[in-house]
Amino acid sequence: MPEHDLVVIGGGPGGYVAAIRAAQLGMNVACVEQEGALGGTCLRIGCIPSKALLEASELYQMAKSHLSEYGIGVAGVTLDLPAMLKRKDGVVSSLTTGIAGLFRKNKITRYTGRGRIVSVGKVAVDGPQPAELTAKKILIATGSYSAPLKGVEVDGNLIGTSTEALSYPDVPQHLIVIGAGVIGLELGCVWARLGAKVTVLEYLNRILPGMDTEIATEAQKILQKQGLDFRLGMRVTSARVVGGRCVVECDGQSPIECDRVLLAVGRLPNTNDLGLENLNIARNQRGFITVDHNSFETSIPGIYAVGDCIPGPMLAHKAEEEGVACAEGLAGKYCHVNYDAIPGVVYTDPEIASVGKTEEQLKDSGIPYKKGVFPFLANGRAKAIGRAEGRVKILAHAETDRVLGVHILGAHAGDLIAEAVAAIEFGASSEDIARTSHAHPTLAEAIKEAAFAVDGRTIHM
Ligand SMILES: Cc1cc2nc3c(=O)[nH]c(=O)nc-3n(C[C@H](O)[C@H](O)[C@H](O)COP(=O)(O)OP(=O)(O)OC[C@H]3O[C@@H](n4cnc5c(N)ncnc54)[C@H](O)[C@@H]3O)c2cc1C
């Protein structure tokens with residue numbers, strides 16, 4: 001029976017990063033992954049393939065409709081969807097094989113199969129080569145799956161989840177996206193840019209629930225102009241395939257016909273058939289495994305959990321932070337994740353990025369705050385590159401001036417937010433950002449100006 005210091009179940013960003021860090025710290029580590037490729041949802045069917053398609057579709061849209069604005073004439077731009085999908089698959093396989101290489105480099109033993117906790121210290125691997133492993137510690141990093149919706153009959157083809165939407169073999173004439181969250185908007189944008197009519201049905205009266213309302217409202221207007229048809233306040237009651245077409249029904253509305261349906265109403269933790277019931281590992285009402293955040297230990301000593309299967313933002317970098325912290329804790333080092341400094345990015349065009357508290361959260365908790373807003377319209381670089389839409393919004397404590405939240409809607413917001421994350425991590429004030437020299441001309445100057453705006457002293461407005 002193979003013996004390991006740590007057996008990790010799940011080879012996604014939470015699991016593989018924890019495995020690598022634990023191996024670096026001298027542990028004998030094994031990772032059990034049920035799929036042939038490592039990297040989890042993120043690398044195989046999430047972050048990476050979606051970003052590959054977002055980039056490709058953005059370039060197509062740019063070449064087709066916007067290059068002329070820059071004085072560049074291109075005639076006969078065509079879409080080669082099979083080539084676009086092949087490139088995306090190539091990006092995925094180069095990265096997943098890269099993780100396999102990192103496992104070899106760090107001498108991590110990989111088991112392919114389904115991991116199941118038999119008892120404390122014992123993991124069974126069910127698969128082509130069954131095995132039973134003994135482990136001093138076990139880490140659950142089994143991730144999440146697309147949440148179902150009552151009445152929506154997912155057939156894995158015409159009615160599918162994000163996984164299918166990453167590989168439609170042709171551009172649907174009409175795609176209905178159920179859910180105006182991050183995944184629905186990103187993949188809705190991909191297919192809209194490639195020529196589909198995209199209707200987004202959302203139960204709430206707003207898009208991007210949880211994000212700063214002012215920013216989400218402005219983003220909605222921009223995405224609407226790009227052709228996304230938002231129908232808010234819609235309760236979808238059924239979606240099924242009838243005679244080769246999809247029919248979607250919403251409360252009090254006539255049924256809508258379309259070619260494909262993308263169900264994107266959130267994700268749920270992968271915690272079934274893992275042996276958790278036998279051990280009575282504590283989970284919250286929604287099935288997420290609860291942990292002590294100072295160690296990532298579950299209610300059962302010796303068993304730990306990180307990533308999408310525990311509460312918190314379901315993001316790859318959050319899973320990675322937890323994986324590193326957990327491994328370091330196991331090695332007797334400091335185990336900590338600062339959940340106030342986890343950025344969130346929506347990779348639409350323009351991007352939407354945020355870190356820290358939203359204005360609504362500050363209002364609800366009665367925290368006094370000051371606000372500085374600066375539009376990209378007044379930023380030289382944004383004008384020069386033809387990307388003047390959006391704004392930077394900084395929220396700082398009214399008395400201490402400490403930065404509490406930063407929200408950016410604009411080109412490259414996902415990269416720009418890194419400065420704000422560092423500011424929050426270091427406990428910076430808005431004055432610290434305002435006094436920091438930012439290269440000219442850059443989009444980042446809009447962050448400096450928004451920091452000036454907190455104190456009512458913008459230069460370029
Ligand atoms: C379309 C889409 C786009 C996304 N885009 C982004 C993005 O841009 N940025 C971002 O930060 N996040 C994004 N996410 C979310 C991100 O993918 C997840 O937050 C991240 O993958 C979570 O990492 P994890 O390690 O917890 O779980 P996962 O990545 O889900 O990995 C879990 C792994 O465990 C394996 N597994 C499960 N059960 C068992 C078992 N019993 N035995 C063996 N193996 C098992 C699974 O096969 C899987 O490989 C996206 C998700 C989707 C679906």
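Predicted model: local features only at pLDDT ≥ 70, side-chain atom pairs only at ≥ 80, totals over all residues.
Reader: How many residues line the second largest pocket, and which lie nearest its centre?

Author: The lining consists of 33 residues, and those nearest the centre are E58, M62, D349, P350 and R387. Two or more lining residues come from each of the elements α3 (47-66), α6 (182-193), α7 (213-225) and α12 (413-425).

Reader: What is the make-up of that lining by class?

Author: The lining of the second largest pocket holds 13 nonpolar, eight polar and 12 charged residues.

Reader: How many bridges join β10 to β11?

Author: Strand β10, residues 197-202, is joined to β11 by four bridges, and the two run parallel. As one case, V200 has F230 in β11 as its bridge partner.

Reader: Let us turn to single residues. Is T213 buried, partly exposed or exposed?

Author: The general idea is to compare relative accessible area with two cut-offs: under 20% is buried, over 50% is exposed, and a value in between is partly exposed. T213 has 27% relative accessibility, so T213 counts as partly exposed. This residue lies in helix α7.

Reader: Which residues is T213 in contact with, beyond its neighbours within four places in sequence?

Author: T213 is then in contact with R206 and E360. With R206, the side chain of T213 makes a polar contact, side chain to side chain, at 3.1 Å. The C-alpha atoms of T213 and T358 are separated by 8.0 Å, although these residues are 145 residues apart along the chain.

Reader: Where is S430 placed, and does it count as buried or exposed?

Author: S430 is in helix α13, residues 430-434. Its relative accessibility is 2%, and therefore S430 counts as buried.

Reader: What does S430 touch, not counting residues up to four places away in sequence?

Author: S430 touches A396, D401, V403, A451 and V454 on that basis. The side chains of S430 and D401 are joined by a polar contact of 2.7 Å.

Methods: Residues numbered from 1 in each chain as written. Heavy atoms only, no water. 1 Å grid on protein atoms, 1.4 Å probe; cavity = no way out; pocket = protein on both sides within 12 Å on 5 of 7 lines; lining within 4 Å. Nonpolar A, V, L, I, M, F, W, Y, C, P; charged D, E, K, R; others polar. Pairing = 2+ DSSP bridges. Buried < 20%, exposed > 50% of the residue type's maximum accessible area, 1.4 Å probe, protein only. Contact = heavy atoms within 4.5 Å. Polar contact = N/O pair within 3.5 Å; in protein donor to acceptor, adjacent residues only side chain to side chain.
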